Amino acid sequence: FIQRRKKWPRFPPGPPSMPFVGNILQIDFNKPHIELSKLSLKYGGVYSLKFFWKNIVVLNGFEVMKEALLKKSEDIADRPPFPIYEKFGYDGNNKGVVLARYGTSWKEHRRFSLTTLRNFGMGKKSLEERVTEEAGFLSSRFQSEQGLPFDPRFIINNAVSNVICSIAFGDRFDYNDSKFQQLLQLFEKALKAESGILAQTLNEIPILTNIPWLVNKVLEHEYYIFAFMKEIISEHKKSFDPNNIRDFIDAYLLEMENMKENNDGTFNETNLLLTTYDLFGAGTETTSTTLRWGFLFMMLYPEVQLKVHTEIDKIIGREKTPTMADILEMPYTNAVIHEIQRCGDIVPMALPHMAYRDTEIQGYFIPKGTTVITNLSSVMKDETMWKKPYQFYPEHFLDENGKFVKQEAFMAFSAGRRVCLGEKLARMELFLFFTSLMQQFKFEIPNDQPRPKEEAVYAFTLSPQPYKMCAIVRP
Ligand code: HEM
């Protein structure tokens with residue numbers, strides 16, 4: 001610590017660290033976002049930690065995040081290396097989108113993914129139609145529970161995942177498909193393993209990734225998911241027809257052909273696998289966890305649920321299928337969805353960033369190559385920005401006339417260069433799934449169950465503890 005301060009006089013302060021391990025043992029990886037926010041009370045909005053010999057800068061609070069993510073967006077747009085993932089073929093240029101270094105390959109793949117998502121929205125079936133159709137399947141599935149208690153977790157997961165699967169693979173999976181259900185469960189386990197201290201340690205001390213059983217402990221679930229993706233890609237290659245582009249994978253295969261002559265090498269089979277995986281991975285857990293928070297808050301706050309029901313009945317009625325156009329006339333429901341995201345705080349620390357060049361934030365010097373953690377949780381609960389930061393209070397997003405108001409400190413999707421690529425799709429899914437189900441059902445805590453807890457479980461995302469609910473068809 002003393003050495004570090006000598007080298008960079010304006011380097012952010014931080015807690016004293018232990019020899020060799022640094023501060024890693026001081027962080028509880030079951031609730032890192034809370035620990036990081038606590039440290040900011042003592043060391044300020046910009047402070048530093050040491051994980052083994054690597055410096056990490058942690059950014060906290062709205063003002064700091066605004067400067068970093070919006071004003072100095074490119075300065076921190078890079079991602080640190082994640083050596084454990086090299087086992088899947090991640091290397092210099094081949095890293096898909098989520099973990100890609102800030103550079104040509106990331107730019108090309110981000111642009112390609114956004115354009116392709118948009119194009120599929122303009123094709124035979126619009127994105128909105130796909131989501132609406134899936135919301136219909138989910139609603140029938142809820143109805144089949146006949147108002148009895150059930151755990152909605154994997155059904156919601158399946159429904160949300162189907163939207164991205166239909167775009168990426170051209171296929172949806174039935175809610176009774178046990179192979180797909182197993183895959184979704186493996187995905188949850190993978191997130192847990194990859195956000196723990198062992199994964200951190202392997203990434204900081206890459207030589208340890210040569211010990212197969214250690215790596216397997218982190219990646220054992222991931223191998224199955226990659227095998228599943230590889231099988232789907234290989235089926236696509238067999239039936240590929242450049243005149244009939246069915247989905248994202250086909251569009252990518254076509255791009256590979258078109259770029260054959262003029263290819264800087266970034267559109268290749270490894271990147272196809274990793275980018276498809278990114279869309280599937282980033283697009284499933286996040287949205288479905290938000291919806292699970294949503295139904296939980298509706299059960300816990302029946303007065304809010306009643307107001308949403310009243311607005312739906314007034315604006316959409318019981319018969320018409322909700323559409324995105326309705327959101328403009330539904331300020332209360334829109335505010336509730338935003339508050340679900342704010343309170344749920346689903347991706348509390350976003351993904352690690354890395355300084356792309358030497359930079360300064362709040363006057364502190366951050367050298368190129370430093371890992372930067374954007375503690376989004378500290379913004380979503382920033383006491384200077386929210387009236388009731390720790391309470392579920394949809395009025396955060398309403399003015400005195402009941403009109404919806406955007407809040408600058410709402411950073412659920414992060415901001416700047418690395419802002420969530422699926423934000424538009426996610427907003428559409430949240431509104432259409434939530435509104436369609438609220439139109440049909442009233443959500444209640446089962447009589448024989450205790451009141452579900454609001455404390456979250458951390459596994460990269462913050463999700464509610466498993467709960468059961470009754471979906472009662474509205475009279
Ligand atoms: C990145 C949140 C849904 C695709 C991110 C990040 C956050 C986030 C916080 C990290 C940004 C950063 O590093 O600063 C969410 C939330 C969602 C959601 C809260 C749902 C409620 C989706 C969906 C997709 C998606 C549906 C897929 C289409 C991605 C990708 C990235 C990303 C590809 C990486 C972007 C990059 O590194 O350039 N998301 N996301 N997300 N998200 Fe989402």
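In the predicted model, a nonpolar patch on the surface is formed by M18, L25 and I197. Together, these three residues present about 280 Å² of accessible area. One of them, M18, is located in the loop that runs between α1 (2-7) and α2 (32-43). The relative accessibility of M18 is 43%, so this residue counts as partly exposed, a class that lies between the limits of 20% and 50%.

The SG atom of C420 lies at 2.3 Å from the iron atom of the ligand. C420 is the only protein donor of this iron atom.

The loop between α14 (376-380) and α15 (423-440) also holds S414. The backbone of S414 has a phi angle near 65 degrees, which is a positive value in a residue other than glycine. With a relative accessible area of 12%, S414 falls under the 20% limit and is therefore buried.

A positive phi angle is likewise found at D345, where the value is near 55 degrees; this residue, too, is one other than glycine. D345 belongs to the loop that connects α13 (331-344) with β3 (353-354). Its relative accessible area is 4%, and D345 is therefore classed as buried, given that the class requires a value under 20%.

In summary, the positive phi values concern D345 and S414, both of which are buried, whereas M18 in the nonpolar patch is partly exposed.

Technical notes. Residues numbered from 1 in each chain as written. Predicted model: local features only at pLDDT ≥ 70, side-chain atom pairs only at ≥ 80, totals over all residues. Heavy atoms only, no water. Helix = DSSP H or I, 4+ residues; strand = E, 2+ residues; numbered from the N terminus. Buried < 20%, exposed > 50% of the residue type's maximum accessible area, 1.4 Å probe, protein only. Patch = residues over 30% accessible without salt bridge, like charges linked within 9 Å, V, L, I, M, F, W, Y side chains within 5 Å. Areas by Shrake-Rupley, 256 points an atom, 1.4 Å probe, with all protein chains shown as cover. Salt bridge = Lys/Arg side-chain N within 4 Å of Asp/Glu carboxyl O. Donors = N, O, S within 2.8 Å, 3.2 Å for Na, K, Ca; no water.
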